[in-house]
Amino acid sequence: MKILVVEDDPEAGRYLARALNEAGHVADLAADGEVGLEMAMAGSYDVLVVDRMLPKRDGLSLIMALRAEKRTTPVLILSALGQVDDRVLGLRAGGDDYLTKPYAFTECLARVEALARRQNPQSAQLTYKVGDLELDRLAHRVSRAGEDIPLQPREFRLLEYLMRHAGQVVTRTMLLENVWDYHFDPQTNVIDVHVSRLRSKIERKGHATLLHTIRGAGYMIRDPGR
Amino acid sequence: MAPGSPPSTQERGWLAGLGRMARTTAFKLSAFYLLIFALFSGIILGYIAWNTRRLLDAQITETIETEINALAEQYRQGGLRRLVAVIERRGRQSGSFLYLLIDSRGDAMTGNAILRVPVQSVSPGWSEMRYNWPDEADDIARRAKVRTFILPSGLRLFVGRDLEEQDRLQITIRRARGISLLLVLLMGGFGAWFVTKRVLKRVEGVATTSAAIMAGNLSERLPVTNTNDEFDRLALHLNAMLDRIGELMTGLRDLSDNVAHDLRTPLTRLRNGAEDALRKAETLEDARAALERAIEESDNLLRIFDALQMIARAESGNLATSLKPQKLEEIVSSLAELYEPLAEEAGLTFETRIGTDLLANANRELIGQALSNLFDNALKYGVKPEGGGGSLIVTAEKSGGQIRIAVADRGEGIPEDKRAAVVERFVRLDASRAKPGLGLGLSLVAAVARLHGGELRLEDNAPGLRAVLVLPEAVGSAGRSLAQGLALPEKEA
């Protein structure tokens with residue numbers, strides 16, 4: 001995946017670009033808003049990671065300029081301003097996701113990969129299949145090896161989100177944001193309990209484990225056959 | 001010093017004072033009123049003078065008229081000779097009637113005055129003319145109001161009355177008018193000066209005090225005279241504002257002290273851990289564990305930071321514009337649903353009683369965060385002290401324009417005298433700090449409640465704690481907004 005990082009702090013920029021490279025992506029670095037906008041317009045990037053406060057042209061203005069040119073490249077905004085209204089402003093300017101500094105790299109990587117997937121047209125498909133686990137969005141049905149699994153509405157949405165991002169790490173905050181639509185940080189392990197309940201419903205003895213806990217990052221649902 | 005006579009400093013100061021006075025609103029208003037008052041006084045005095053003059057004029061006319069009637073009576077009874085005799089007699093009497101009878105050639109037959117007019121051509125009727133008494137010098141000209149008659153024999157009779165008295169009165173009145181106008185101006189001017197000086201003094205008091213406040217003496221307050229005038233009301237408002245600012249400043253100072261203290265503690269732990277690892281860690285495993293602890297500490301620091309920032313935002317009122325009508329029952333149920341598994345895992349029975357149509361102007365994120373803090377607290381401290389168990393009951397209801405969202409537990413509760421304290425920042429009741437926490441949870445809830453125009457109440461659940469978030473209900477009912485929603489498409493159609 002080709003990623004453009006627009007970040008003015010050289011150390012933070014290099015760290016992020018190197019970490020993305022190590023994760024198997026190709027990351028370019030732009031040090032200010034003008035250069036960032038030029039590179040974003042010229043190159044074909046899958047995801048842009050844009051710092052909100054940049055010299056010459058700030059991050060939000062960069063995104064708005066990009067959107068005005070009908071470029072739909074997904075953008076992850078990085079910002080030291082993490083309050084509710086800042087996030088709203090960022091998303092309104094045309095950003096697709098918002099991450100407050102400082103962040104854990106795993107969180108950033110998970111979000112970048114999720115954004116790239118969102119761009120993929122097959123992301124909004126009607127049915128998902130991971131191994132022998134199937135989810136039908138229209139019929140609201142989940143089955144494992146042909147056997148129906150009754151799920152609560154929220155559990156269904158949780159599983160749907162995990163399956164849409166099958167093979168990708170999904171962090172706890174991503175789950176809270178996308179399944180519950182809250183952006184704060186609960187101090188207790190609320191998400192873990194929900195995931196473990198879901199796990200107890202979808203996992204079967206004698207079948208391969210599908211829902212994995214990724215230590216220090218989050219969760220991933222994965223087809224054991226691949 | 002330059003030649004000539006530059007004004008002395010004292011004079012200049014006085015002039016400057018006058019100039020400053022003249023620029024005040026009070027002075028301008030006073031001057032304006034003074035002008036209007038003087039104008040009206042002038043008009044009224046003028047009217048009085050005019051009326052007096054008219055009255056005098058009528059009086060003179062009447063006197064002359066009476067005199068003429070008497071003369072006519074004499075003439076009718078005794079003919080010309082009688083008339084002449086009467087005129088002669090009367091003309092000698094003291095008094096200011098003047099008589100003159102002339103024949104058709106213009107020669108005076110009798111009379112006591114010399115008229116300074118071509119007597120033969122005077123037409124009959126009323127007129128004003130100059131005259132003087134025969135014993136006077138020619139250059140004295142008196143004024144008189146005269147009635148002229150032409151008798152049947154072609155004789156002309158003039159009967160008049162001197163106007164000096166009237167003129168004197170006129171002069172007196174005019175003088176009185178001038179004096180009273182002068183008095184009005186003087187008194188008004190003095191009044192304006194007095195009022196302006198008073199107002200200036202009050203304003204200067206305010207200015208001096210504000211200058212002192214701006215210089216950093218925040219304990220200064222504007223003077224209040226207890227007359228309850230507009231200055232007092234203004235001063236009271238400004239003082240209340242200063243009190244509020246003072247409170248905020250104190251809060252900020254306390255906060256920064258607390259921040260310094262409570263950030264230093266985890267920072268110290270972080271540093272100590274790193275130093276310790278540097279010195280002692282021999283294996284990669286040890287180093288890795290130390291680094292993980294360091295990251296954990298820094299995450300903790302960040303959480304403190306975030307919470308403080310959020311409290312500050314909520315308290316500054318900056319987020320007030322983000323409040324939108326929300327169905328609180330949806331927020332409460334989603335949070336309850338989020339926490340239910342956790343509560344059950346902790347061995348608590350979980351119960352919800354959530355009403356409907358709980359509409360309030362709210363920020364969904366902030367209410368969610370506040371409720372999440374209440375749930376966190378209930379899970380942390382709400383377990384029965386004697387060996388586990390207990391319950392967590394969530395209720396949301398409305399009554400009397402208020403929406404009450406309560407999270408009740410069966411834990412140890414909070415002693416009544418400590419309830420105010422726990423809402424303060426960084427206050428934690430377990431001195432040992434055995435359980436993880438920041439001591440910011442309830443402060444944040446309280447700040448969010450205040451932002452929404454409500455409050456956080458901590459009540460005794462006997463046993464346990466019931467934390468109640470009281471929020472004002474939104475005025476526009478759900479029914480009305482539905483009606484508006486239905487009305488819109490009709491308009492478009």
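Here are some questions and answers about a sheet and a helix pair in a predicted model.

User: How are residues and chains labelled, and what does the predicted model count?
Analyst: Residues are numbered from 1 along each chain as its sequence is written, while chains are lettered from A and ligands numbered from 1 in the order written. As this is a predicted model, local features need pLDDT of at least 70, side-chain atom pairs count only at pLDDT 80 or more, and totals for chains, interfaces and linings use all residues.

User: In β4(B), what is the bridge partner of Ile114(B)?
Analyst: β3(B) pairs with β4 (residues 125–132) of chain B in the antiparallel sense, over two bridges. Within β4(B), Ile114(B) has as its partner Asn132(B).

User: Why is α6(A) called oblique to α7(A)?
Analyst: Helix α6 (residues 153–164) and helix α7 (residues 172–180) of chain A pack with axes 10 Å apart, at about 125°. Axes are lines fitted to C-alpha atoms, for helices over the stretch in contact, and angles run from 0 to 180 degrees between N-to-C directions. Under 35 degrees is roughly parallel, over 145 roughly antiparallel, 65 to 115 roughly perpendicular, and the rest oblique. So the angle makes α6(A), relative to α7(A), oblique.

Terms used
Two strands pair if DSSP finds at least two bridges between them. Helices (H or I, at least four residues) and strands (E, at least two) are DSSP runs, numbered from the N terminus.
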